[in-house]
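Have the model open as you read.

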Amino acid sequence: MSLDPTSPVSLAQALIRCASVSPEEGGALSFLDELLGGIGFKVERPVFSEAGTPDIENLYARIGTGSPCLLFAGHTDVVPTGEPSAWSHGPFSGEIKDGVLYGRGAVDMKGGIACKLAATLAFLRERSDFAGSIAFLITGDEEGPAINGTVKLLAWARERGERFDHCLLGEPTNPSRLGEMIKIGRRGSLTGVITVHGRQGHVAYPHRAENPIPGLVRLCSALIDEPLDGGTAHFDASNLEFTTVDVGNPATNVIPASAKAVFNIRFNEGWSAESLGAEIQRRLEVAAGNVVSFSLDLQPSNSPAFLTQPDAFVDLVSGAIAAETGLTPKLSTTGGTSDARFIKDACPVIEFGLVGETMHQVDECVAVADLERLTAIYARVLDAYFPKGGS
């Protein structure tokens, strides 16, 4: 390969130039396959399928057979670019201008993968006899349905006897400056649909109809009038937001037959999807009494709330960040969901990556200096994680 495999900038450029818009592999996993295989990793490329979803290519690579095993996880798929002409630099060009690298996936999260690769390759050059194992678990389905990706890749690895001690996921965790934040957990997500059933009729003859809208307002108020909880030591209070209210009624002189409201709750570790759903059902039944006829449809959730308790591994990563940036990172559980919700069942997982200000935006970009600094942080993590003195 002509590029320098220990340069995170070169690696990030190469990955960005692979147009791996989910669910397309785009050459990104093939690039990783060649790179990791060339330095001694055993690389496997399982493809998973499920009816109604696209087939997804994934990658698992490991070097070493001993313990401890540090898992680097991530994804090479990216979101669509939008109109390419809106970009200052081509979305898959990997161009650098004024110390900034542009391209889709620069921060979410091809840049983070590049830093892990560069740090790992440099580490192996210095400590090829290290005691333990390093593994990469990379999916092409994080930005898609997340059905044929990490969750199935972990099950596949478990069936083959693969075990991990800790995982570092490279999602862009920092709000505005590298070193600000580590994610030690994520809120759960639960979506529901409330339907109030009425009877259609002419607005001039309301006694012959039953308007569902006042009932829907009553039920919605019951869900937001009282907080779900007051938060926990590491989580904010659970939050319910209504995202749409619909009656599907094009006429101004017709009382509709039904009215619907959709809500999403981001909840803390005090709830499970089941216990939260039961509480929502209870509140609605109390509010409805014998007056409002309604049904509640809770959507299946694969996003539980979870917390990785601060421990020696969290301290190790925090120390590496502080050594390179001078910042003590905040331990956070904010933001949306990530593949950490699947990985937490395999081993303790924390997330630390680049600054996420431009992720999913036109002109997504990352400072070259941040790529180099993040690589140095990952290198410190590797050096501190594995005991010195050979295998």
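## The chain overall

Keep in mind that this is a predicted model.

The chain has 391 residues, and 52% of them count as buried. As for what's left open, the accessible surface is about 16,500 Å², with 49% of that belonging to carbon and sulfur atoms. If you look at contacts between residues at least 6 apart in sequence, 79% of them join residues at least 24 apart.

## Helix 7 against helix 9

Now zoom in on helix 7, residues 312-325, and helix 9, residues 368-385. These two pack at an angle of about 140°, and their axes are 9 Å apart. That angle is why helix 7 counts as oblique to helix 9. The crossing of helix 7 past helix 9 is right-handed.

## Who touches whom

On the helix 7 side, the contact uses Phe313, Leu316, Val317, Ala320, Ile321, Ala323, Glu324 and Thr325. Helix 9 answers with Arg373, Ala376, Ile377, Arg380, Val381, Ala384 and Tyr385.

Sort the residues of this contact by class and you get 11 nonpolar, 1 polar and 3 charged.

Definitions and conventions:
Residues numbered from 1 in each chain as written. Predicted model: local features only at pLDDT ≥ 70, side-chain atom pairs only at ≥ 80, totals over all residues. Heavy atoms only, no water. Axes fitted to C-alpha atoms, helices over the stretch in contact; angles between N-to-C directions. Helix = DSSP H or I, 4+ residues; strand = E, 2+ residues; numbered from the N terminus. Parallel < 35°, antiparallel > 145°, perpendicular 65-115°, else oblique. Left-handed = near helix turned anticlockwise from the far one by under 90°. Contact = heavy atoms within 4.5 Å. Nonpolar A, V, L, I, M, F, W, Y, C, P; charged D, E, K, R; others polar. Buried < 20%, exposed > 50% of the residue type's maximum accessible area, 1.4 Å probe, protein only. Areas by Shrake-Rupley, 256 points an atom, 1.4 Å probe, with all protein chains shown as cover.
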